[in-house]
Amino acid sequence: MIGIVGVNYNITERKRTEMELVSRNAELLELNARLSQAQAQLVQSEKLASIGQLAAGVAHEINNPIGFIFSNFTALDGYVEKLLAMLAAYKEAEHFIDSKATTDKLKVLSERVDLPFLKDDIPVLMAETKDGITRVRKIVQALTDFSRIGGKLEWQFADLHQGIDATLNIISSEIKYKADVIREYGQIPEVECLPSEINQVIMNLLVNAAHALGEERGRITIRTRAEHETVSIEISDTGCGIEKENLSRIFDPFYTTKPVGKGTGLGLSLSYGIVQKHDGTLEVESKVGKGTTFRLALPIKRRRLQLE
Ligand SMILES: Nc1ncnc2c1ncn2[C@@H]1O[C@H](COP(=O)(O)OP(=O)(O)O)[C@@H](O)[C@H]1O
Ligand SMILES: [Mg+2]
């Protein structure tokens, strides 16, 4: 009998240790998961920052050559037009050439180079090329505006409308097939901010809005206005909306309802951090099936400066 009691006791003790070990292990696992989440978030924000810098650098490098290509091309366009006019005049003068040998030679040459085709095609090519260069210039301009290479990470007074337009330009391919963008811009003063970071926030909100739209073409409305000491930007979509119980989670890092590869769940959490750094607020209102509105409000003047 005593022996049996002893065995019983031993098992209890072992079980307790085992269970403790199991729970310790679970704790460790959870800590580990949180650690790798934090690391992933750091890597992601670092990545975003370096992508921004890379884009800004590339835009800066392209800016120069595109500048002279554009101005040379404008000149070239004028010259070609003049040459074609001159050619037409020579063509008229052909009738007055007496030498048959010369007119024959001209005729053969004209056929060989297919002069009528050239005359038709050159203006078309010129126009298309000019359009292409203009577009490249616009993209480069948008990239430069977007990252504000001039004062990269410096607090400065910035025109938020310019930032929104530049951001829309950059992500237009993501939006233009899914939604009409309506800009209801109010009268707003320049806002003291880190422009590239605010653009990042606007981009996240716009991309989310575009993602929220289904197959049917939707609407994204951007409203701006100034009130007292703040400027607000509202981005509304006519998308799927967010369930009430999920509203409190959308700003959490890694919270995403999108398939792997499409969403990181970091957009809103990074945006929230940026807005906090600006002493601003980021609020959300949503109706399932109707749409969502994000409202970003920023103080016009940086608060810290006022204290100094
Ligand atoms: N405009 C919106 N309409 C509907 N749901 C949204 C909207 N914006 C954000 N969400 C929800 O919030 C989640 C988190 O957004 P975000 O942090 O940007 O990460 P991600 O876009 O990578 O999923 C999204 O997965 C989505 O479920
Ligand atoms: Mg997002």
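Colleague: Which residues make the nonpolar surface patch?
Modeller: In this predicted model, Leu54, Val58, Ile62 and Val136 make a patch of about 310 Å². Patch residues have over 30% relative accessible area and no salt bridge, with nonpolar side chains joined within 5 Å and like charges within 9 Å. Areas come from the Shrake-Rupley method with a 1.4 Å probe, and only the protein chains shown count as cover for residues.

Colleague: Which helix gives the largest share of the patch?
Modeller: Helix H1 (residues 2–93) does, with three residues; helices are DSSP runs (H or I) of at least four residues, strands (E) of at least two, numbered from the N terminus.

Colleague: Turning to charges, how many salt bridges does the structure hold?
Modeller: It holds 14, each a side-chain nitrogen of Lys or Arg within 4 Å of a carboxyl oxygen of Asp or Glu. One of them pairs Arg295 with Glu234 (3.5 Å, N to O). That pair links strand S7 to strand S5 (residues 230–237), 61 residues apart.

Colleague: Is Glu234 buried or exposed?
Modeller: Glu234 is buried, at 15% relative accessible area, whereas Arg295 is partly exposed at 22%. Buried means under 20%, exposed over 50%, and partly exposed in between (1.4 Å probe, protein chains only).

Colleague: Which residues do shared partners join into one network?
Modeller: Glu184, Arg223, Arg225, Glu227, Glu234 and Arg295.

Colleague: What are the ground rules for the numbers?
Modeller: Local features need pLDDT of at least 70, side-chain atom pairs count only at 80 or more, and totals for chains, interfaces and linings use all residues. Residues are numbered from 1 along each chain as its sequence is written, chains are lettered from A and ligands numbered from 1 in written order, and side-chain values use heavy atoms, without hydrogens and water.
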